[in-house]
Amino acid sequence: MSNKTTSQGISQFRWVICGMLFLATLVNYMDRQVLSLTYTDFIAVDFHWDDNDYGTITAVFSIFYAFISLFAGKFIDIMGTKKGYIWAIVLWSLAACLHAGCGWLTVACNGLDGMEALRATEKASQIGLLGLTLSVWFFIACRCFLAAGEAGNFPAAIKVTAEYFPKKDRAFATSIFNAGASVGALLAPLTIPQLANAFGWEMAFIIIGAIGFVWAGLWLVFYSRPQDSKFVNQAELEYINQDETLETPETPETLETLETSETLETSETTKSFSILDCFRYRQTWAFIMGKFLTDGVWWFLLFWAPAYFKELGHPASTFSGQMLLFVLYLIVTVVSICGGYAPKYFVEKRGMHPYAGRMRAMLLFATLPIFALVAQPLAGVSVWWPAIIIGLAGAGHQAWSANLYSTIGDMFPRRAIATITGIGTMFGGLASFGINKGAGKFFTFAENNDFSFFGTEGKPGAYMVVFCYCAIAYLLAWCIIRVLVPKYKPIED
């Protein structure tokens, strides 16, 4: 065990690390949101995009994110959380800034004098490969680079959480850093449209993207593994490692064995599970199905909420549109953080096993998205009803996601955590590709054809269809997870 001298009380550096994970996730989601918040009022005007163009870009982002996630987790396991995280955030921050050059490249490649000339050009004259305009291709390229970096965020964050927190605290810690997604989405409508209005949409990408470079510098200075950190005292290290201590009697022989296993388990050079090996376990497939059936819901809400409120007469460039998005993500943030505490309550107050408590909590969260069924019908009463209901659905997802991620640390060795996270994220990305591309084509079709669903006409009817899927996805996923892993069964390879 560590020979660090115990200082008075227990240090709390694990929460500083959790705060840094929160900030990284916040930056991650703000970088994603710049496009959705500048699409309808700025970029679509400049480049003559329609919903199908936007759907194509978000879908390609999702599919590339899915593909790269399969390897991002493995990359983090090999590189370690310190180096791997820095590589990830520097790459996605650079990619975010590069979006600003898409306008200049489009103008140059079309032989035009400037953006004013581009706005005056008919879209048909810009059509290129596969029926897409050059501007769409440039944005797709930037989104692919963005996806390559952002795919490393969650595998690294989940691995760090398993390093710094015991099992009973992991869902709560995960809910805190995962709330960075909600807070990022909360801050985005309050800052990005204003930046775009004041300095142009290009500077919005550059300013938000540059924040990640600052975070990378802080991570380089403050992060190291708990047993190597000068900020973690002996008492905190023992608290972090309490699961190993509880499961192993403290005799001289077992303490020596425990010390050896801890060194091997936390070593960045320990051989990880191969990607193919991971697919042999039912626990992997439980995580995969939990991600595949539900991630598309969150990505749909994230990418399409601004466009949805514009359909209701409140675009993101207006104060009312910004307030609707603010309220939506405020609900997501507050409820999801509280939701992360639920497993801790079930374990400490009700005496349940961590896995049983986590499954009980996930069932509760799976019921929140059911309210999405009435989001579109109540839009005719007040636009605030969809904001509140979609906020509750998003909160359900984030609380669900925090606990789903924590099941990896419960059942897999630390050396495999990032790899498993990447595999599940890949399948979540595949589902996100389907829902975003499908939504874009569906909305364009519904707008231009005589479409109705449950008495709702046109594009609102198409939104109603998607909301129906959002409502049932989590309960379906919970049932499948329960069948695959009915009780706690850790992987001991």
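Is Phe-467 buried or exposed at 2% relative accessibility? Phe-467 is buried (under 20% relative accessible area; exposed is over 50%, partly exposed in between; 1.4 Å probe, protein chains only). The model is predicted: local features need pLDDT of at least 70, side-chain atom pairs pLDDT 80 or more, and totals for chains, interfaces and linings use all residues. Numbering starts from 1 along each chain as its sequence is written, and side-chain values use heavy atoms, without hydrogens or water.

**View A. Phe-300 and Phe-467 form an edge-to-face pair.** Rings of Phe, Tyr and Trp (its six-membered ring) pair if their centres lie within 6.5 Å; planes under 30 degrees apart are stacked, over 60 edge-to-face, the rest tilted. The count is 45 aromatic pairs. In this one, the centres are 6.2 Å apart and the planes at 75°, so the label is edge-to-face. Phe-300 belongs to helix H14 (residues 282-311) and Phe-467 to helix H20 (residues 458-484), 167 residues apart. Helices are DSSP runs (H or I, at least four residues), numbered from the N terminus. Phe-300 is also buried, at 2%.

**View B. Arginines lie over ring faces.** The rule takes CZ of Arg or NZ of Lys within 6 Å of the ring centre and within 35 degrees of the ring normal. Arg-32 lies 4.4 Å from the ring centre of Tyr-29. Arg-143 lies 5.1 Å from that of Phe-61.

**View C. Helix H3 covers residues 81-98.** Its buried residues include Tyr-85, Ile-89 and Trp-92. Among the elements covering them are helix H1 (13-47) and helix H9 (201-222).

Technical notes:
Helix = DSSP H or I, 4+ residues; strand = E, 2+ residues; numbered from the N terminus. Expected span 1.5 Å × (residues − 1). Contact = heavy atoms within 4.5 Å.
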